[in-house]
Amino acid sequence: MIAALGLVVGIVLGLVFRPAVPDGLEPYLPIAVVAALDAVFGALRAFLDGIFDDKVFVVSFVSNVVIAAGIVWMGDKLGVGGQLSTGVIVVLGIRIFSNVAAIRRHLFHA
């Protein structure tokens, strides 16, 4: 519940304040958002399974964002940033859809 509330508050604050993203960080923003969404959906799944732990959520959230951005940064330095960005998005997308499927099964008992 805390994760969902934090997501809603973050979206509202972003829409109200419209923060500017420095040009150097723009390539990493979509990756960071997808990594954060992966952590949020994982937390929701854990909550529904009755195993949610706020400390695990915070560590997962921060580490997902840092690791995903680090992989893309390393790819930029090696000249293959686009390929690694795609790889990170695919992997995190699979995890998000897997968590959403588990959430759906839990909610609809299917």
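**View 1. Helices α2 and α3 cross at roughly 155°, and their axes come within 8 Å.** In this predicted model, α3 covers residues 54-78, while α2 runs over 29-49. Two packed helices are described by the angle between their axes and the distance between the axes. Angles over 145 degrees count as roughly antiparallel, and α2 and α3 are therefore roughly antiparallel to each other. The crossing of α2 past α3 is right-handed.

**View 2. Here we look at the residues where α2 and α3 meet.** From α2 come I31, A32, A35, A36, D38, A39, V40 and A43. Facing them in α3 are F57, S60, F61, N64, V65, A68, A69 and V72. Sorted by class, this contact holds 13 nonpolar, two polar and one charged residues. An α-helix has 3.6 residues a turn, so residues three or four places apart point the same way. It is a handy thought to keep in mind while reading the two lists.

**View 3. Helix α4 takes in residues 81-108 and packs its buried residues against α2 and α3.** How far apart are the end C-alpha atoms of α4? They are 40 Å apart, which agrees with the 40 Å that 28 residues should span at 1.5 Å a residue. The buried residues of α4 are G81, S85, V88, L92, G93, I96, N99, A101, A102 and I103. These buried residues make their packing contacts with α2 and α3. Just after α4, H109 has a positive phi of about 55°.

**View 4. R18 sits in the loop between α1 and α2.** Helix α1 spans 2-17 and α2 spans 29-49, with R18 placed in the loop that joins them. Is R18 buried or exposed? Its relative accessibility is 64%, and because exposed means over 50%, R18 counts as exposed. The backbone deserves a glance too: phi of R18 is near 45°, a positive value in a residue other than glycine.

View 5. Along the sequence the pattern reads α-α-α-α. The C-alpha trace spans about 45 × 30 × 25 Å along its principal axes. Of the 110 residues in the protein, 25% are buried. Among contacts between residues at least 6 apart in sequence, 74% join residues at least 24 apart.

Definitions and conventions
Residues numbered from 1 in each chain as written. Predicted model: local features only at pLDDT ≥ 70, side-chain atom pairs only at ≥ 80, totals over all residues. Heavy atoms only, no water. Helix = DSSP H or I, 4+ residues; strand = E, 2+ residues; numbered from the N terminus. Buried < 20%, exposed > 50% of the residue type's maximum accessible area, 1.4 Å probe, protein only. Axes fitted to C-alpha atoms, helices over the stretch in contact; angles between N-to-C directions. Parallel < 35°, antiparallel > 145°, perpendicular 65-115°, else oblique. Left-handed = near helix turned anticlockwise from the far one by under 90°. Contact = heavy atoms within 4.5 Å. Nonpolar A, V, L, I, M, F, W, Y, C, P; charged D, E, K, R; others polar. Expected span 1.5 Å × (residues − 1).
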